[in-house]
Amino acid sequence: MAKWYNGGGADNDVVLFSKIRLARNLSDTPFKSRMSREIKKNTVKKLYASVKNSDIAGDFNIVDLSAQSAVKAVSYAEKQLISPEFAKEKGVFLLSSDESVSVMLCEEDHIRITAFAGGLATEKAYESADKTDNVFINNLPIAFDERLGFLTASPINLGTGLKVSVALHLPAIKSNGGMPRLASMVGKLGLSLRSLYSEKGAFYLLSNQISMGITEKAAIDNINAVAAQIIRQERNLRDVMKNSEIWEDKLYRSMGTLKMARRLDFSEFIELISDVRLGISLGFFDEDLFDVDFLIHNLADGTVLSDNDSEDSPELSSKIRAEIIRNKLK
C-alpha cells in the first residue's frame, strides 16, 4: 500500500508535511510514571480492545516492539511514528497501513495519536487524528476537566492536548540569514520553529506551544496563517536565486555528488538533498519532489538497515544509502 508521503500535497515546494498530535489519558488509571507493570499491561489491552471492537479496526495493525529488533524500533522513531524514548522502552503501538496515523499506548500519556498529511494539510491530518480520537472518547473514560480541558501527564499539554506542526523547507530564508529573526517572531506568537534534522539542511518544524485556552480550530488556523506568511517569504527569496550563477553551481554540485557518491552518511545526505530539493523548485532539475521526499523519509540509518536486511552490519548504511540514491536519481 502506498505511504502517505507518496502523494505530495498543497505548497509542497516549501512544505514537506503537516502533523497532528493528540494526548489523552484515562480517568480511572494512574499516569504512566505511577503505573505498575501489571497495570500498564492491562491498560494497553484495554486501549487496544477499544480500537479492535470499533469501525476503524481494519485501519490499524498492532506493533509490539518487544517482538521487533532494536534497529526496527529506531526506524519507527526516525519516521516520527513513535518517540525515541518509546522505541527504547519497546512499547506497543497501533499503525495504519499507509503509516499516516500511529497511536502510542502508554507512552508519556496513555494515548498519543499522531497523524500525517503531505504538504500544507493540517485540517486533513486533524480529521484523521480526530476520527481515531473519537473511538477512545466514545468508549473509554477519558480524563477531562471543565476548566483545564483534557488532563495530561505534562501541564504544557493541558487543554486541547493538541500539537499542530508543519515541516518547512526554508533554504532561501536560511541562506539569507533570516532564521534567527523568524524564530523570534513566531515565538512571540506562541509558536516554535526548530531544526528538523539537527541543524543539517534547511528543514524546520513549525509548531504551536499553547494548547490551553484556545480551541483546536484556532490552533490550526494560527499555524496555517503563519505558515502561509513564511511560504510567501521563502518563495520571494527563491525568485532572486533563480538568476544566480553561484547558486546554480552549488546546487548542481550537490546533485552531482548525490548521483555519483558511493558512500553517504545521513548528515551529508540531508545537506545535499536540501540543495537538490531547492534546485527542483527553481527549475534546474527535472526530478520529482515526490522522489526526493521519499528519500528524506526513508534514508535515516535505522530505516536503511531495517529495510535492506542489514541490521547486523551498521557499517553498510552509508553504502546502501548511496546506492538507493543513485537508483532513484537517474
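Mentor: One cut-off first: two axes count as roughly perpendicular when the angle between them is 65 to 115 degrees. Keep in mind that this is a predicted model.

Now apply the cut-off. Helix α1 covers residues 37-52, and helix α4 covers residues 122-139. Their axes come within 9 Å and cross at roughly 110 degrees. α1 and α4 are therefore roughly perpendicular to each other. The crossing of α1 past α4 is right-handed. Which residues make the contact? From α1 come Leu47, Ser50 and Val51. They meet Val135, Phe136 and Asn139 of α4. Sorted by class, this contact has four nonpolar residues, two polar ones and no charged ones. An α-helix has 3.6 residues a turn, so residues three or four places apart point the same way.

Next, look at α9 and α10. Helix α10 runs over residues 289-298. Its axis and that of α9 come within 10 Å, crossing at roughly 165 degrees. The cut-off for roughly antiparallel is over 145 degrees, so α9 is roughly antiparallel to α10. The crossing of α9 past α10 is left-handed. On the α9 side the contact residues are Phe269, Ile273, Val276, Arg277 and Ile280. On the α10 side they are Leu289, Val292, Asp293, Leu295 and Ile296. By class, that contact has eight nonpolar residues, no polar ones and two charged ones.

Leaving out residues up to four places away in sequence, asparagine 12 touches Arg277, Leu289 and Phe290. Two of those names, Arg277 and Leu289, are also in the list for the contact of α9 with α10. Is asparagine 12 buried or exposed? Its relative accessibility is 16%, so asparagine 12 counts as buried.

Now the rings. A pair of aromatic rings is described by the distance of the centres and the angle of the planes. Rings pair if their centres lie within 6.5 Å. By this rule there are twelve aromatic pairs. Take tryptophan 4 and phenylalanine 116. Their ring centres are 4.9 Å apart and their planes lie at 10 degrees, so the pair is stacked. Tryptophan 4 is in the segment before β1, and phenylalanine 116 is in strand β5, so the pair ties together parts that are 112 residues apart in sequence. Tryptophan 4 and phenylalanine 116 are both buried.

Compare that with tyrosine 197 and phenylalanine 266. Here the centres are 6.0 Å apart and the planes at 75 degrees, so the pair is edge-to-face. This pair, too, links distant parts of the chain. Tyrosine 197 is in the loop between β9 and β10, while phenylalanine 266 is in helix α9, 69 residues apart. Tyrosine 197 and phenylalanine 266 are buried.

Trp4 and Phe116 belong to one aromatic cluster, together with Tyr5, Phe17 and Phe294. Phenylalanine 17 deserves a stop. It is in strand β1. Its relative accessible area is 1%, so phenylalanine 17 is buried. Residues up to four places away in sequence aside, phenylalanine 17 touches Trp4, Phe116, Gln80, Leu205 and His297, among others. Leucine 205 is 188 residues away along the chain, yet the C-alpha atoms of phenylalanine 17 and leucine 205 are separated by 9.5 Å.

Helix α2 itself covers residues 70-78, and its buried residues are Lys72, Ala73, Ser75, Tyr76 and Ala77. What do they pack against? The buried residues of α2 pack against β2, α3, β3 and α11.

Finish with serine 75, which lies in helix α2. At 1% relative accessibility, serine 75 counts as buried. With residues up to four places away in sequence left out, serine 75 touches Gly302, Thr303 and Ser306. Serine 75 and glycine 302 are 227 residues apart in sequence. C-alpha to C-alpha, serine 75 and glycine 302 are 4.7 Å apart in space.

Notes:
Residues are numbered from 1 along each chain as its sequence is written. This is a predicted model: local features need pLDDT of at least 70, side-chain atom pairs count only at pLDDT 80 or more; totals for chains, interfaces and linings use all residues. Side-chain values use heavy atoms; hydrogens and water are left out. Axes are lines fitted to C-alpha atoms, for helices over the stretch in contact, and angles run from 0 to 180 degrees between N-to-C directions. Helices (H or I, at least four residues) and strands (E, at least two) are DSSP runs, numbered from the N terminus. Angles under 35 degrees count as roughly parallel, over 145 as roughly antiparallel, 65 to 115 as roughly perpendicular and the rest as oblique. A crossing is left-handed if the near helix is turned anticlockwise from the far one by less than a right angle, and right-handed if clockwise. Contact means heavy atoms within 4.5 Å. Ala, Val, Leu, Ile, Met, Phe, Trp, Tyr, Cys and Pro count as nonpolar, Asp, Glu, Lys and Arg as charged, and the others, Gly among them, as polar. Rings of Phe, Tyr and Trp (its six-membered ring) pair if their centres lie within 6.5 Å; planes under 30 degrees apart count as stacked, over 60 as edge-to-face and the rest as tilted. Buried means under 20% relative accessible area, exposed over 50%, partly exposed in between (1.4 Å probe, protein chains only).
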